[in-house]
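Subject: Two-chain model, handover and findings

Hello,

Here is the structure we talked about handing over. Please load it first, then read the notes below it.

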Amino acid sequence: MKGDRKYIFMFLLPSAVLMAVFLYYPFFKSLYLSFYRTKGFFDKKFIGWDNYSRLFSDKLLGAATLHTLEIMLFVIIFQVGIALVLAVLVESIGRLQNFYRSVFFFPVVISGTAISLLFVLFYNYNFGLLNGILANFGIEKVLWLSESNALAAVSIPTVWHYVGFYFILFLTAMSKIPSDYYEAAKLEGINAFKRTTMLTIPLIMSDIKVVITLAITGTLKVFEFVWVITSGQNGTEVLGTYMYKKAMVDQNFGYGSTIAIYMVVFGVLLALLANRLLKREEITY
Amino acid sequence: MQPTISAERNVQRGEFRRFRIGKALIYFVLSAWAMTTIYPLFWIVNNSFKVSRDVMNNSFGIAWNVDLVNYTNAFDRINIGKSYINSLIMSGSTVLLVLIFGGLAAYVLSRFTFAGKRAIYSLLYATLLIPTFATVVPVYELLIKTTMVNTYWGLIFPHTAGNLTFAILVMAGYMSTIPKELEEASFIDGANRMQMFTKVFMPISRPVFASASIFVFLWSYNDLFSAFIFVNKENVRPIVALLNEISSQYGTDFGLMAAAVSLTVIPVLIIYLFISKFIQKGLTEGAVKG
């Protein structure tokens, strides 16, 4: 159409400007800062790869990476696993499907901060819900946020929060499987369990892959749960909270940026690895 | 003949029973998970109506004597109303900007052919890999330099930029399915591109605008990290940042905490119940493709 060039430019401009100023420029600035030793915003000195070699000797960062990976493992096994089981079960029932869909999804719309606060009240030693239950059964109170339990304690709300999200993705994927597949299985006399493991799951494998990738990249961004529940103490420091502490609390912008870049690279590598491991042919119906 | 029939019937009955037990088990498992999502919310709302002492001593008891002291505290002492308004202004503006700017960009990307379009798409997909952590320091610096830190714009701009990628991809996906004939018809009627966008594409794309706005709103409303770095002064603080503040400052006032969580969650939940179908549809249209 005549004069399209003008419109292309005009219509793309506002988004391009906003994203350039608040995403791309800051991203490259972070990359740039990762090569500097900084004191506040104004005093900085080029130090080459020093921040990066510091990454490798930073024991706290190693611990944070390990904790993040541990939460990631919980998330992949339990969050994705529970979501898959629930989706298979809901798919198999006739009544109440919509009820379960709505109920399972609603933690997703609640803020992680509110959920964290809720769990702070659950875990409280003296008056929390969990120790209240234990007391009812005459069992001794448990220190839920101790060194040995704390990481699991922050993983539980993290997992719980997003089960519903993946549950809905799985349900949608299942609803796309043509019904004649199931009819054929029925004629063959295959039972429900076999039908699920041999038919449904292989057919939605590409969606499982997407979900696992989302779970991996999502876990790298975990922040609220750890920050509100334990502030990263008792062996729960994750990459997100550690980066925040270095960059914003210690005001060490250079090293903080290096950690952020490390998180991006780490995330991309993990996502690529997951996709490699789960490599499969795309199925089209 | 007779015996065979009854034998068959017995088999059927056996199958029927197994079937029933299986079904019952399924409903039991599903209801058990449903309890894990419903009960905690009931617990927190229930406890928000008790004085802190009762929350501590008897957190399971139902609050028959509704006590609103926590709610009056929430509004008077920590001014949760102000934070509500802040949240609505900032997240609302973010949604509006994302829809307008993202809508225009999505329109161009889905309906125009031009050099560099593929490159723009690749860039957008790459952008999805940039987490807030990798932009927060320079954005903070920028906001300080432009004195936008601790103003509404200090959160609106970063949030808009952060959500544009997702919104553009989802909206462009939807708009590319709109038939070409509609465009041609409006062209013959003498509409220019801007009119085409406002008169043809905006109305037809209403469903995707709706689901995109729901998601952008939720992300913005629920994002603690940016909020408590960029806008953490009392007069601009959104509700999630206030919650974080409560947990560190009033960590022993259980009633107040319960009320604050309830106040944050309940409105979202009520709206959710009305539009839950819409949200789930939007999710499956957008997120999987994106």
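Over residues 65–274 of chain A, how much of the chain is helix, how much is strand, and how far apart are the end C-alpha atoms? The span is 78% helix and 0% strand, with the end C-alpha atoms 17 Å apart. Helices and strands here are DSSP runs numbered from the N terminus (helices H or I, at least four residues; strands E, at least two).

Conventions next. This is a predicted model, in which local features need pLDDT of at least 70, side-chain atom pairs count only at pLDDT 80 or more, and totals for chains, interfaces and linings use all residues. Residues are numbered from 1 along each chain as its sequence is written, while chains are lettered from A and ligands numbered from 1 in the order in which they are written.

Chain A and its annotations

The UniProt record (unreviewed entry) places "domain: ABC transmembrane type-1" on residues 65–274 of chain A. UniProt positions are in the numbering used here, feature names are shortened, and annotations may be inferred rather than shown by experiment. Residues 71–90 of chain A are 100% helix and 0% strand, and their end C-alpha atoms lie 27 Å apart. Residues 208–229 of chain A are 86% helix and 0% strand, with 30 Å between the end C-alpha atoms.

Chain B

Chain B has 13 helices and zero strands. Of its 290 residues, 43% are buried. Buried means 20 or more other C-beta atoms within 10 Å of the residue's own; exposed means 12 or fewer; partly exposed is in between; C-beta atoms are placed from the backbone. Among contacts in chain B with a separation of 6 or more, 76% join residues 24 or more positions apart. A contact means C-beta atoms, placed from the backbone, within 7 Å.

Where the chains meet

67 residues of chain A are in contact with 68 residues of chain B. Helix α1 (residues 4–33) of chain A gives the most to chain A's side, with 17 residues. That side divides into 49 nonpolar, 13 polar and five charged residues. Ala, Val, Leu, Ile, Met, Phe, Trp, Tyr, Cys and Pro count as nonpolar, Asp, Glu, Lys and Arg as charged, and the others, Gly among them, as polar.

A:Pro14 is in helix α1 of chain A. Beyond its neighbours within four places in sequence, A:Pro14 is in contact with B:Phe101 and B:Leu104. A:Pro14 is partly exposed, with 17 other C-beta atoms within 10 Å.

One helix pair also spans the chains. Helix α5 (residues 112–123) of chain A packs with helix α12 (residues 239–249) of chain B at about 20°, axes 9 Å apart. That makes α5(A) roughly parallel to α12(B) (angles under 35 degrees count as roughly parallel). Axes are lines fitted to C-alpha atoms, for helices over the stretch in contact, and angles run from 0 to 180 degrees between N-to-C directions. The contact uses A:Thr113, A:Ala114, A:Leu117 and A:Val120 of α5(A), and B:Val240, B:Leu243, B:Asn244 and B:Ser247 of α12(B). These divide into five nonpolar, three polar and no charged.

Two backbone points

A:Ser231 is not a glycine, yet has a positive phi of about 50°. A:Ser231 sits in the loop between α11 (224–229) and α12 (239–249) of chain A. B:Asn150, also a residue other than glycine, has a positive phi near 60°. B:Asn150 lies in the loop between α6 (136–145) and α7 (153–175) of chain B.

Best wishes

Note on methods:
Contact = placed C-beta atoms within 7 Å. Parallel < 35°, antiparallel > 145°, perpendicular 65-115°, else oblique.
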